[in-house]
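Here is a brief tour of one protein chain and its ligand. Keep the structure open as you read.

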Amino acid sequence: LAKTVEDDLYKQAYTKDSQRIMIHLNAGLSADTSIAVNKGVDGVGLYRTEVPFLLQRSFPSEDEQINQYRSILQTYPEQTVVMRTLDIGGDKPLPYLTIEEDNPFLGWRGIRFTLDHPEIFLIQVRAMLRASIGLNNMDILLPMISGIAELDEAKSLVERAYQEVANEYDGELRKPRLGIMIEVPSMLYQLHALVDKVDFISVGSNDLTQYLLAVDRNNSRVASVYDALHPAVLNALKHIIDSAERYQLPVCVCGELAGDPIGAILLVGMGYRSLSMNTRNVAKIKYILRHVSANDMAQLADDVLAAHLSAEVRDKTTLFVEHHG
Ligand code: PEP
Ligand code: MG
């Protein structure tokens, strides 16, 4: 089995009935730029730029950031790297920036922080754009968007950074595609408003679960309440894929659920065709998908979406996996 799983690592992902599933990597550490992991994946679905920020003693300069970003972009010259703008705060405080709040997860994090510090945001987006010159394989992703006004404000800053870098550069600067994370539940009711504003969306099931269930994703006392297989979470995910199809918005899931066997089966069953996961899960998920048909997964998803309890979801999906060997 180990050998088969390893073989699968280098192949593109298909379901048993030949549906192509795009498998992307979640990255953030420079270790992820190693050649060994980049074979057989369809690019980087989520590059968490806060990781290089966390490893520094102070805010990295534009040139320092360019070096970081360029090394990941160079690792995937033929594919796309989705670079997320800084998502600090919440569970990711920067050692050189003290933010004291009663409710950090509901506070100054992600896009909220960078919109209040446009100088930090502009330097970062400039660094991303400059790093991508000549490679042209970068998309930009905005974290923690909770409404359209934030998106408009962030877009105008991205546009400003683009104009600045384009003016400084002699050649033609490719405009990156722009997307947002769907991870704050309010956005479930604003998907129609995204149609002319973004090129793609990426579902952050980690935060979406946390905010839908009002449960801290890192608090062990309430760990049993944090359940991405809660029927409400699954129905939210179904609503997102149905809306994305209706509005023709390209969509990927980059939360942990995408790299979990039960999660991946249910997501593909709901209709998702693009998953982004940690390196260690790639071979396992490809192996599982190869042995199950998308049709069967769709039937399972229909069945499970009607469940009232997470336990039912888990039992039904586990039985399904056993049945499909
Ligand atoms: C998520 O929230 O699901 C996500 C992918 O982002 P992060 O885990 O970095 O918050
Ligand atoms: Mg998140």
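## A term to start with

Under 35 degrees counts as roughly parallel, over 145 as roughly antiparallel, and 65 to 115 as roughly perpendicular. The rest are oblique. This is a predicted model.

## Helices H8 and H9

Start with helix H8, residues 205–212, and helix H9, residues 231–246. Their axes come within 10 Å and cross at roughly 125 degrees. H8 and H9 are therefore oblique to each other. The crossing of H8 past H9 is right-handed.

Which residues of H8 and H9 meet? From H8 come Ser205, Leu208, Thr209 and Leu212. From H9 come Ala232, Val233, Ala236 and Leu237. Sorted by class, this contact of H8 with H9 holds six nonpolar residues and two polar ones, with no charged residues.

## Around ligand 1

H8 also takes part in the shell around ligand 1. That shell consists of Leu46, Arg48, Asp87, Glu183, Gly204, Ser205, Asn206, Asp207, Cys254 and Gly255. Its residues split into two nonpolar, four polar and four charged.

Which element supplies the largest share of the shell? The answer is H8, with three residues. Strand S3, residues 44–48, and H8 each give at least two residues to the shell. Note Ser205: this residue is around ligand 1, and Ser205 also belongs to the contact of H8 with H9.

## Helices H4 and H6

Next, look at helix H4, residues 62–75, and helix H6, residues 118–132. They pack at an angle of about 45 degrees, and their axes are 8 Å apart. That angle makes H4 oblique to H6. H4 passes H6 in a right-handed crossing.

On the H4 side, the contact involves Glu62, Gln65, Ile66, Tyr69, Arg70 and Leu73. On the H6 side, the partners are Ile123, Gln124, Arg126, Ala127, Met128, Arg130, Ala131 and Ser132. By class, the contact of H4 with H6 has seven nonpolar, three polar and four charged residues.

## Helices H10 and H11

Now move to helix H10, residues 261–270, and helix H11, residues 282–290. The pair packs at about 50 degrees, with axes 10 Å apart. H10 and H11 are therefore oblique to each other. Here H10 passes H11 in a right-handed crossing.

What meets what in this pair? H10 brings Pro261, Ala264, Ile265 and Val268. H11 brings Lys284, Ile285, Ile288 and Leu289. Seven residues of the contact of H10 with H11 are nonpolar, none is polar and one is charged.

## The whole chain

How many helices and strands does the chain have? There are 13 helices and nine strands. The radius of gyration is 20 Å, close to the 20 Å that the globule rule gives for 325 residues, so the chain is as compact as a globular protein of that length.

The C-alpha atoms fill a box of roughly 60 × 45 × 35 Å along the principal axes.

Conventions
Residues are numbered from 1 along each chain as its sequence is written. Chains are lettered from A and ligands numbered from 1 in the order in which they are written. This is a predicted model: local features need pLDDT of at least 70, side-chain atom pairs count only at pLDDT 80 or more; totals for chains, interfaces and linings use all residues. Axes are lines fitted to C-alpha atoms, for helices over the stretch in contact, and angles run from 0 to 180 degrees between N-to-C directions. Helices (H or I, at least four residues) and strands (E, at least two) are DSSP runs, numbered from the N terminus. A crossing is left-handed if the near helix is turned anticlockwise from the far one by less than a right angle, and right-handed if clockwise. Two residues are in contact if their C-beta atoms, placed from the backbone, lie within 7 Å. Ala, Val, Leu, Ile, Met, Phe, Trp, Tyr, Cys and Pro count as nonpolar, Asp, Glu, Lys and Arg as charged, and the others, Gly among them, as polar. A residue is near a molecule or strand if its C-beta atom, placed from the backbone, lies within 6 Å of it. The radius of gyration is taken over C-alpha atoms; the globule rule is 2.2 Å times the number of residues to the power 0.38.
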